[in-house]
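Please look through the structure below. Some questions and answers about it follow.

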Amino acid sequence: MPAERAAWYHSRVSDSAYVASGASAVPAAVPTAIATKTVTSRHSALVRVTHWITTLCFFALLVTGAEIVISHPRFYWGETGNDLTPTLFKLPIPASRRLVPTGYKYVLPDANGWSRYLHFQASWVVVLTGLLYAISILFSGHLRENLLPGKADLSWPAVSTVISGHLRFKRPSEAEAWSYNVLQRLSYLFVIFVLFPLVIWTGLAMSPAFVSAVPAAVNVLGGQQSARTLHFFVSLALLLFLLVHVVMVWRAGFRSRMRAMITGTIITGRAGTNPAGSNTERT
Amino acid sequence: MNKISRRKLITTGLAAAGGVAGLGVAAHIAQKYGLIPPDHGGIYGLGETLTYASQRLLTRHSLAREFSKSQISKRPFPNEVEPPTDEFKRLQAGGFADWRLSVSGMVARPASFSLDQLKSYPAHTQVTMLQCEEGWSYISEWIGVPLSHVLDVVGIFPQARYVVYFSIEPDTWESIDMADALHPQTFLTYGMNGAELPVGHGGPLRLRLPRQVGYKNVKFLTHLTVTDNLKGFGKGLGGASPEGGYAWYAGI
């Protein structure tokens, strides 16, 4: 482990004063480590900062969204629906409001006030962050180089190789520490350019004031209750993405991937001084 | 301290000062154009202010969606109301003949209107959706007089910025800005689906505000006050809802 730290300091920091202070805590194994490990920059500062702001907002939106849903865990299709009308489906959970016919004899505590405040505040922050991200990746080359799949990668043999690798729970290859495979690219593109715009749209379509200015936003979805139901399902799709994302990060090497998304660098190769470390440092 | 860090310090300082000045100017402009909601303080103030300001820029004059009569909900959900007060029961026993809506504050001619007086003004109807913040909704035909008509009758002062409105139910009051108060679909509603407004839906008189969710559509309306400042009302947040933790602006 000390060897690894040394490699990190050496290749990343050119300031001699910094290395001196880092080196003072590091034993003599430094040269070996440099020979066997390389440190590469992986994620730009913009990607890292927007990633973590989005993460924070996503959790806020998820928790408050659930809080809001439990005040009326019934879903409808079309323009209207209420306690007196038939549902499209009901969530089999108790509600936070007394009059909702849930079949449960108790009522959950109501937290809609702050949940709504926080839901909309987190929406603003994540939408502005997302805009900054979307505009900047167009110009930085991140979209073209790292997210859009190459033509060759989209061929069926290439895609099926990646899929079968996933199905056989194969650990990711070394190359995947540097770059996304075709399934990752397609998933990220789908989340960024389909699910995020959809969840924003269906959210805005529920706003009585917004749709007074842009009625088409709700009309093409089939009505205000349809928008609410779609918002719920798109949110579930985003939650599913989050779960798969976290599982894949875990399998790819939780520490190295987290380090890449926090410090921006990734370490590849194996420390000659500490081969056992590669179990947790799978890259 | 070497030169680079001093330069950094100066540029950072200038950037910070510029940022603060920019925010100050933005706040001043926002205040001038009425883009700051009364509940702009606190940890959710940023989101609330962004929502209100952008809605005001986007929706000052837009009309809530209207529906065809065939889309009127067969079973409108009235939601829960508090048990009626003795005062309400007394007025109800008299067929609401003694119900009054008093209007005060920054108006030239403070007045008190009976339901018959309100009904003597040209009746307007709208077929609009009532949405509850919980998530449910229904469409009804609402019959009433636009609030702007009554404000014309009493003559509001030019500096008026808000209309504060009160229910006969204790501690039930809200407020709206002039964009909503003068909006053609903001009604003093006394009828629903071709009949009197049922008590469950806020009869005999309810403020109907189709561009904001249900809790701003106060039932059993008895009093309006026109003001240029909400600080003198309750905690200064502009209504019972923001005092209870709900957003003042509920157009979302």
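Q: At which residue does H8(A) bend by about 35°?
A: This is a predicted model in which local features need pLDDT of at least 70, side-chain atom pairs count only at pLDDT 80 or more, and totals for chains, interfaces and linings use all residues. Residues are numbered from 1 along each chain as its sequence is written, with chains lettered from A and ligands numbered from 1 in the order in which they are written. Helices (H or I, at least four residues) and strands (E, at least two) are DSSP runs, numbered from the N terminus. The bend, which is the angle between axes fitted to the seven residues ending at a residue and the seven starting there, is found in H8(A) at A:Val191.

Q: What distance does helix H8 of chain A reach from its first C-alpha to its last?
A: Helix H8 of chain A covers residues 182–204, 23 residues in total.

Q: Which helices do the buried residues of H8(A) pack against?
A: A residue is buried if 20 or more other C-beta atoms, placed from the backbone, lie within 10 Å of its own. In H8(A) the buried residues are A:Val199, A:Thr202 and A:Gly203. Their packing partners in chain A are helix H5 (112–140) and helix H11 (224–263).

Q: Which element supplies the largest share of the side of chain B that touches chain A?
A: Two residues are in contact if their C-beta atoms lie within 7 Å, and 37 residues of chain B are in contact with 31 residues of chain A. Helix H2 (45–59), strand S3 (124–131) and strand S4 (137–146) of chain B each supply at least two residues of that side. The largest share, 8 residues, comes from H2(B).

Q: How far apart do the C-alpha centres of domain 1 and domain 2 of chain B lie?
A: Domain bounds come from an automatic or database domain assignment. For chain B it gives domain 1 (1–32) and domain 2 (35–243). Their C-alpha centres are separated by 43 Å.

Note on methods
The expected span of a helix is 1.5 Å times one less than its number of residues. A residue is buried if 20 or more other C-beta atoms lie within 10 Å of its own, exposed if 12 or fewer, and partly exposed in between; C-beta atoms are placed from the backbone.
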